[in-house]
Structures are given as structure tokens and as C-alpha cells.
Amino acid sequence: MQPFQYQQPADAAGAVATVAATDGAVFLGGGTNLVDLMKLGVEAPGLLVDVTRLPMDRIEPAPDGGLLIGAGVRNSDLAADPRVRAEYPVLAQALLAGASGQLRNMATVGGNLLQRTRCLYFQDVTKPCNKRRPGSGCPARTGDHRNLAILGGSGSCIATHPSDMAVALAALGAVVHVQGADGPRALDLAELYRLPGDEPDRETTLSRGDLITAVELPPLGFARRSAYRKVRDRASYAFAVTSVAAALDVEDGLVRDVRLALGAVAPVPWRARRGEQAMLGRPATAETFRGAADAELAAAAPLRGNVFKVPLVSNVVTAVLSQLAGSTR
Amino acid sequence: MNATVDTPQAGRMTRVDGPDKVTGRARYAFEHPVDAAVYAWPVQSTIAKGEIRDTDAGAALALPGVLAVLTPDNAPRLTADDPELALFQTRAVAYRGQLVAAVVATTLETARAAADLVRIDYAEAPHDVTLTPDHRGLYKPDKVNPNFPTDTEAGDPDGAFAAAPVRVDKMYRTPGEHNNPMEPHATIAWWDGDRLTVFDATQGPSRAATIIAGVFGLQPGQVRVIAEHVGGGFGAKGTPRPNVILAAMAARAVGRPVKCVLSRQQMFAVVGHRAPSIQRVRLGADENGRLTAIVHDVIGQTSTIKEFAEQTAVATRHMYAAPNRRTTHRMVRLDVPTPAWMRAPGECPGMFALESAMDELAVACGIDPVELRIRNEPAVEPESGKPFSSRNLVACLREGAAWFGWTDRDPSPGARRDGPWLTGTGVAASTYPARAMASQALVSVDATGHYVVSIAAVDIGTGARTALLAVAAGALGVPADHVTLRIGDSELPPAMIAGGSMGNASWSWAVTDACRALREQIRARDGAIPAGGLSAQSSTGDAIGALPDHARYSFGAQFAEVRVDADTGEVRVPRLLGVFAAGRIVVPVMARSQFIGGMTMGLSMALHEESMIDPQFGDYPNHDLASYHIAANADVGDIDARWIDEDEPELGPAGAKGIGEVGIVGTAAAIANAVYHATGIRIRDLPIRLDKLLL
């Protein structure tokens, strides 16, 4: 690990100004991912600006309904919030499916959104990786890619985004509040992330110094009937092999509205809009749900080692939505 | 044979060092405070095969706090027989991750940062790291670990198999697996003149001292190895690994004590692991399931610099009766890290194959798998004709079946469903050799009646400290709190390592003999202890050498219940029961922990553990505990270990066969057999991951 400086800024504006103005400066949240990457040599920041003492640790009603969640809220606290549990169970379930109790106690909402891929080549600085060292190549396509992307990848990168929380937020249509050098702004979660294309090192649309200050959940009544299903290689403390976040609104046996997002299958938390479209107005049956999954998966480009994710996603989407349909009758 | 030692206090004992461990008072190797210590951090090769052309330590040496950089250009010459310990003695690179240089610095962080700055230029050669059943480099090793015959044959196995009415002929594969003890390999080393002292995470202080002395050209008495507490080893700390040599070499180079601890990632290359195996098992039987032929052919791998030929088919030599039989081992030398011992080397991967094949035979014959095993129980060791000193596999199977609720099992595969879950049950047998090795012990008593028992045993988390205290107190006939037990130091009387499930049997033998001798002295003095105290020593080599030529093994029966999610292929194991016959169980609390620990590791082997080899780079890329999965708490459901009372008359006064390894053997097969019962899908290549059950 390289030597680094550490600062605790007095306010968000100061934090933003410092990081924007300082080469090699980064924000430090819970440190559950960044510090690991520093030990591995993947990250070598010269300055850590600790934002965990800033007043971004509250969960409060949003002006237009919904919830405004401070970016510094710990994952454990968010999962335990009664409003989240009642109105957005998919989010509480996703949070509790992630990491371990100890890590959730440290990890922040903002940091969770920005965690880096678990691709083995990204994490090993002795090997090529287009994301870590642009232009050096991608050994994953011919090497281990069992848990890498089947959707949204490119020839240069098939990394997957590892977050559970972000998959639930994608399904809920969350809005991300950002403070930048030019002031605050808000963007849809989908606008936060970039697909890799030819620039896998650019993972978000954030500029240097942009600080995520809050995540806003819009009001979504039928999210009371939502669920997160995480498939993983062991019963706990493992990243997803595939995950599904869904909320379903059924009226008279027909799908009136639906939200569907997939995890561990793409470089970003994957909102399955094609699948959603394929369900609207159709009978809330397993056949519809499987058809929706297949519509979403039509664009899948799996490799030899992760082709199994195609039927897996199809099965899990069908199972989760069928379960939600059953519970809404 | 001397009488069994009575240990009346053992049934009430709990782990004697438990309070020290949970309060942090117990010191592990790296934690000992040592004045003026500095730190060593190794540099690993980034190629799998080739030569070091040039090294440049300039940038590393320029970093403030860096004291030395050791490379093949400047490292002192060693006299190591073991190429894995011949640190920086050659410019040849045999595998990716091999230690090729090291930095010594005033802080761990500086050493680690400087290690990244050491520039090594390689002449890289093409590497081959892929084991295949028809590899052109296949060869027959002279023996398999530790000194078993490579091949055995009796009767006409090919003819009998061809003529058998019922045949199973299948290939099984086990992946590379890493021991991953919780405590990483760690050493603190310092020199006083030509005397070397190390705090080391080792399974055997006596053997470690001898080996380290050999590497540095010293007499064994010039090296002292202290291992007060060790956080697991599973074979990976059975003998010194490069961390010990590096710490000692660095300490000599800078003239200060040196601390060296390996990272988890480094451990995947340089401390040994279980090599992958490809196994073909052929079973021929009559319609009643009586075996007429058993053939077990194994292909394994080792590195190019050191042969470790795992004895994978050896358990097949004594498990079941059959007149016609053959076992073979073939190896390939690949450009891979050197494999070594990992908990039940040989039995563990081999019994996955044999016990899976037995389940397939039970299906083919339409016979209950418990009954099939009972029908093939041998009266004597099948290949040698030797009598068993004690053998209670059948009792384990019968009692286990009763406890588990096996009796009414419907054998149909894929026939039971509970919501999304397919459910099933499976059984497999377990075995492990029961042996003891020569050890010595010293016991003294002072005028107050306080006893000190000394032996260079070591407690690697097994509960050895507790068991030996129970044995010593029992042999002396005094309360345990009248006895101080000294272990974990090579200056104590030399003893067997904590390995091969031989620790307790070997040490308790020496301890009992010494305690009995002292008790005799006291008795001869009518109980009067002189002011200067008394002492007695023991040495068990002659008694062990005089053991009758019998076959000695532990046995067990493993029962598993599994649930498989029909949508996702996820496997859960709600219930595991192991029933073991392992001689006398000395301290029940410790023994239960050993058994269920082994079974948990077997579950982990069944479902999770896989050291993937990356043909592009030649390494194990999933070299951390985030990507190399071991079973977590949530993976382990209702797990229970029981044992039957077994009289083992020969193996020392404790009558204990050793329980460190029998718990892991067979677990993976029991789970794979249960997965077949649940789903109708037979998984012959571990681990049983969800994708294999999905497609």
C-alpha cells in the first residue's frame, strides 16, 4: 500500500472542492471496498477525504413522497428502517442479502453504489485488465468469467457490478443526488452508470469531485409487494451469481405495472425494461413471466463459462414474479 | 501391551486454553512482542516458467525504511534438500507465485510497498498447467505419499470386471483445494550468534527445527522452534514453508529480528495444497451386489521441482472385499505450485470417487447402499490378508442408519419435493489409518506435589493441550490442576507432528509412559517426594516398533440430507450425521469439535472449494476467501457426530486411533449421493455447484 493523506472535511462543499482540486484524491465512505483495493494495489489514492462524518446519515420523507436516504447511511441502518421494510421490502431484502453483518455496519449507501467489480483480473495488478489499465487487454473472455456479464458487456470488458442494493434501487427507479463543483444536481440511477464500451475504466457519469449526497426513492405504492432473490454459491457471505429485484402490481389477474431489475449479469445494475414491457397488460402467469425473461435475455451474449446464467435468470425471474403474483391475489 | 490409561476427568473437561483464546491472551506466532523487529515481504514470480534474467532493487532500496532486498543475486547460499525451501538459490522459475525475492523494511507496509518496486526481468518460457487424462507427461512415481506402493494388483481384475453381471465404470474428478487455515503462515526469527530462534506457525516444532537446521547448515540443537498456539494447519504447516526460511535468512541479513507473515493470496502459491485428481473407478459385482472386481486408477499432478504423489487410491486397498482388484497412480509434472498434504491426503479425494461409485453400484443392483457396503465387508485386510486390530464400519453404518432414520428410505431419485426444493439423502463410508510415531516425554514433580509434563507436541486448535492434560492427570492419578503441561517448543522432548491423525496417539503414549514411570518412583518411596523432586522420561520408539503386524484404521459412516432448489440448482445440506469408530475418545468435547470440523470441511469440499487453475497465467486466480469459497455458518445445518465404543487394544495406552481426518473422508460422497437421490443428477466432478445442476 502506498502512503496516503487523510482528511475529514467540515462540510460537503469543502469535501467536493478538495477532491476536485487534488490529483489522486478520493472520497472515503465505509472503506469496505476501497481499502481492500488499496491493499491489493488496484487503487493508490494520494488523499482520502472521509465523508462519513458529514451530515448525510439521515433517512427522511422526500418532499414529493418517497424517501430521501443520506449517502452516508450505513447499509445495516437502511435495511432496518421501518419505512423501507414496509414500503420497499425489495431494498431491505437486497441489503440483507449482501456481505456480512460486520460489513453492512460499515458500508454506506454512496459507497455501495460505487463499489468495483469482483472480476479476478481487475483485482490482480500483475495481470492485464482494460478497466484497470486501459488497452492492456481482457483475460476474462478466455479465462475465468463464470460470474461475469451476459448483458451489456463489450469486447473490452465483461465485468459485473457486484452490488445487491443497487439492483433493488434500479428496480425502484431511484434518483441519485450529487453535489459537484458547480452545485447540486439529481440524476436517475440509470444515468449514473455507463456501460463499458471501449472505455471500461469509465464506470459512471460522475466527474472528479462529484459527491453522492443522497438517494431518493420515488413513491411507488405497489413496491410494498416487492422482493429480492439472490442466487449465490453459498448460503451467505457471497456475491450474487444472479439476482432479481421485482415489484408487481396485478389487477384482475393482469399485470398493471411491474418493475424488474437483474444483478450479477451486467456491468451495471440492469433494469429489465424490455421484460417489463413484455408483461404489461398480460395475465400474471408463469408463462407471461418466462416470456418476459426471455424477451430481456434475447440480447444476452454469454460465454462458455457463464452460459448457464441464461436459463438461471429465466428461472429466477419466473419464480420471483410468480411468488409476487401469488401474494397479490 | 500396556494397559489402557484411565482418564476419569476427561469427560468433564472443556478446552483448557479456551479462555486465553477468546480473550486474546493466547499468542500466535506473529503476535509475540519482539524488540526491534523488522519485516520481510516476499516478491512472487509473475511468470509460470522461465528464468530470471535480471533483477533491479534500486527503486525498492531507495524507499525510506527499506533495509535489504534479497534476490538470487545476493541471497546467502543454503543447503536445502527441499527445492521449496531453497529460497533465491536459482534463477529458474517453476511456477507463478514462486518466491523470487524479498524486501526487509522497518514496517510491514514499507516492506510490502517496496516489494512492488523490485523489478525482475524474466525470460519467459511456455507453460503447461492443465492436467488431462491422456497427458503425454504421465509417469509412474516410485511410491505414493508417504511410502505406499504406487500400484497394487490381485487376481484378474480385468477379466473379473468384464465378466461381472453388474458393472460401474466411471470417471470422477476432484479440483485443486487449498488448506486455508485461519492463521496465515507466520514466523518471527532472530539469531544469537549461530543460534536461531523462531516463533513459527507450525504443526511440529521438533521436525521444523531439524529441517530448518538442515537448510542453514546447522546442527538441530542450534535451532529452537516455538509454537505456543497455532491457528489451524490441515497439513499446510506440517513442515516449514518458505516463510520460515525467509524470516531466518532476512534476520541474518539485517542483524535484527524479522517478522514475516504471508498474505492469503501468497498462501495459494507457496504453502501447498491438494492437487486436482482424475479418477477412474470400475466395480464389478454379482446380482446380489457382491463385489468381484475393484479397479481404481488415479491421475494426479505435481510441480516440476518437487514430487508430491497423493495416495488417492490407497483407501480402496482396504475398504471392501473382492477377489480381483487393482489400484494405480500416475502423475504429471506441470508448471504449477507444489502440492502437499491437505487434511486426509489420499483418503479424502479417493473416497469421494470410491464411495460415489459404490452408490452407483447400489443403484445398478437395486440394493440399499448401506446394505451393499455391509455385504462387502472384508474379514481381513483384503490385499495383505492381515487381521484388523479393530474394524467397526458395519456398526457405524447400522447405528448411523438407525439414528439418521434411514430405514424407510425410498431409493427413487428425483421423487421428493417440498415447495421449490427437491430433497434426498445419501450415505458414504469413511476411513483413515490409525498410527503412532515415536515420541518422547519428560515428567517431573516438585516437593509440593505439582507436576510438569513436557513434550514437543503442539495444539493447532485440535484440543491436544486439553487431551494431553487429561491423559497426564489420569496416568498420574492426580487432579488436572496439579499438572502443568508444556508443549509447543522444540527444546522439549522431541515428538511427532500434529499430523496424519497421529498427534494424540503418539503423544499420549509417551506422556502415559513417562507419568507411569514417575508414579512408580513415587510409589517405591511410599509417596514421599524428596525436596529436589523427581522426574521420569519416556521414549516410545521401541514399543511402536514392536507393534504386531496388523491393519489399523478408523472407520465411519456419513449420512447427509440435501435440498436442491429446482429453479436455481442451489444445494443446501440441512442435516449431516457422522458415526465413527476411532478407538477410545479421550475428551468428548474436543473430539466432537474435531469430527464436526472435519465433516464441515467435507461439506465445503462437496459444495464450494475449488482452486481454479488459469491456463493463461498458470496460477490459481481465485486466491482469496471472497472468491475461494469455504462453507460459511449458514451452509451448515444440523450437524452431529457420534461414535461407538471401540476397544483398540494395540495403539498405545490411550487406545485412541486419531480423529483429525476421518471426519472429512466420505462427506463429499455422502452429499453427492444425496444430490443424486434428490435430483437424479450424478455429479462426478466436485464441487457440486448450482450450474452443474441447472443444465
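## The β6-β7 pairing and its sheet in chain A

In this predicted model, strand β6 of chain A, spanning residues 175-180, is joined to β7(A) by six bridges in the antiparallel sense, and within that pairing Val176(A) has Leu187(A) of β7(A) as its bridge partner. The two strands belong to an open sheet of five strands in chain A, ordered β4-β5-β8-β6-β7 and paired antiparallel. The edges of this sheet are formed by β4 (59-61) and β7 (183-188) of chain A, each of which pairs on one side only, while neighbouring strands are turned against each other by 25 degrees on average, with direction ignored.

Helix α1 of chain A, residues 12-21, lies across β6 and β8 (211-217) of chain A, and the helix runs at about 130 degrees to β8(A).

## The four-stranded sheet of chain A

A further open sheet in chain A has four strands in the order β9-β10-β11-β12, again with antiparallel pairing. Because β9 (226-232) and β12 (270-271) of chain A each have a single partner strand, one side of each is left without a neighbour in the sheet. Strand β11 of chain A, residues 254-263, pairs with β12(A) in the antiparallel sense over two bridges, and in this pairing Leu262(A) stands opposite Trp270(A) of β12(A). Helix α5 of chain A, residues 89-97, packs on the sheet by touching β9 and β10 (240-251) of chain A, and the direction of the helix makes about 20 degrees with that of β9(A).

## Domains of chain A

Chain A is divided into domain 1, covering residues 5-50, and domain 2, covering residues 57-329; the C-alpha centres of domain 1 and domain 2 of chain A lie 25 Å apart. Their contact involves 16 residues of domain 1 of chain A and 20 residues of domain 2 of chain A. On the domain 1 side, the elements that give two or more residues are α1 and α2 (34-40) of chain A, and the largest share, six residues, comes from α1(A). By class, this side of domain 1 of chain A has 10 nonpolar, six polar and no charged residues.

In chain B, strand β22 (residues 553-565) and β23(B) run antiparallel and are joined by nine bridges, with Ala560(B) standing opposite Leu576(B) of β23(B). The hairpin formed by β22(B) and β23(B) has five residues between the strands, and Gly569(B) in this hairpin takes a positive phi near 80 degrees.

Strand β23 of chain B, residues 571-581, also pairs with strand β24 of chain B, residues 638-643, here in the parallel sense and over six bridges; Arg575(B) has Asp638(B) of β24(B) as its bridge partner. Strand β23(B) is mostly covered, since eight of its 11 residues are buried.

Arg12(B) is found in the segment before α1 (18-23) of chain B, and it counts as exposed because it has 11 C-beta neighbours inside 10 Å. Although Arg12(B) and Val587(B) are 575 residues apart in sequence, their C-alpha atoms are 8.1 Å apart in space.

## The chain interface and the nonpolar core

Between the chains, 29 residues of chain B are in contact with 26 residues of chain A. Helices α3 (108-115) and α16 (690-694) of chain B each supply at least two residues of the side of chain B that touches chain A, and by class that side has 12 nonpolar, seven polar and 10 charged residues.

The largest nonpolar core has 337 residues, of which Val90(A), Val103(B), Ala247(B), Ala472(B), Val511(B) and Ile671(B) touch the most other members. When residues up to four places away in sequence are not counted, Ile671(B) touches Gly426(B), Ala560(B), Val562(B), Val573(B), Leu603(B), Ala606(B) and Ile688(B).

Key:
Residues are numbered from 1 along each chain as its sequence is written. Chains are lettered from A and ligands numbered from 1 in the order in which they are written. This is a predicted model: local features need pLDDT of at least 70, side-chain atom pairs count only at pLDDT 80 or more; totals for chains, interfaces and linings use all residues. Two strands pair if DSSP finds at least two bridges between them. Axes are lines fitted to C-alpha atoms, for helices over the stretch in contact, and angles run from 0 to 180 degrees between N-to-C directions. Two residues are in contact if their C-beta atoms, placed from the backbone, lie within 7 Å. Ala, Val, Leu, Ile, Met, Phe, Trp, Tyr, Cys and Pro count as nonpolar, Asp, Glu, Lys and Arg as charged, and the others, Gly among them, as polar. A nonpolar core is a set of buried Ala, Val, Leu, Ile, Met, Phe, Trp, Tyr and Cys residues joined through C-beta atoms within 7 Å. A residue is buried if 20 or more other C-beta atoms lie within 10 Å of its own, exposed if 12 or fewer, and partly exposed in between; C-beta atoms are placed from the backbone. Domain bounds come from an automatic or database domain assignment.
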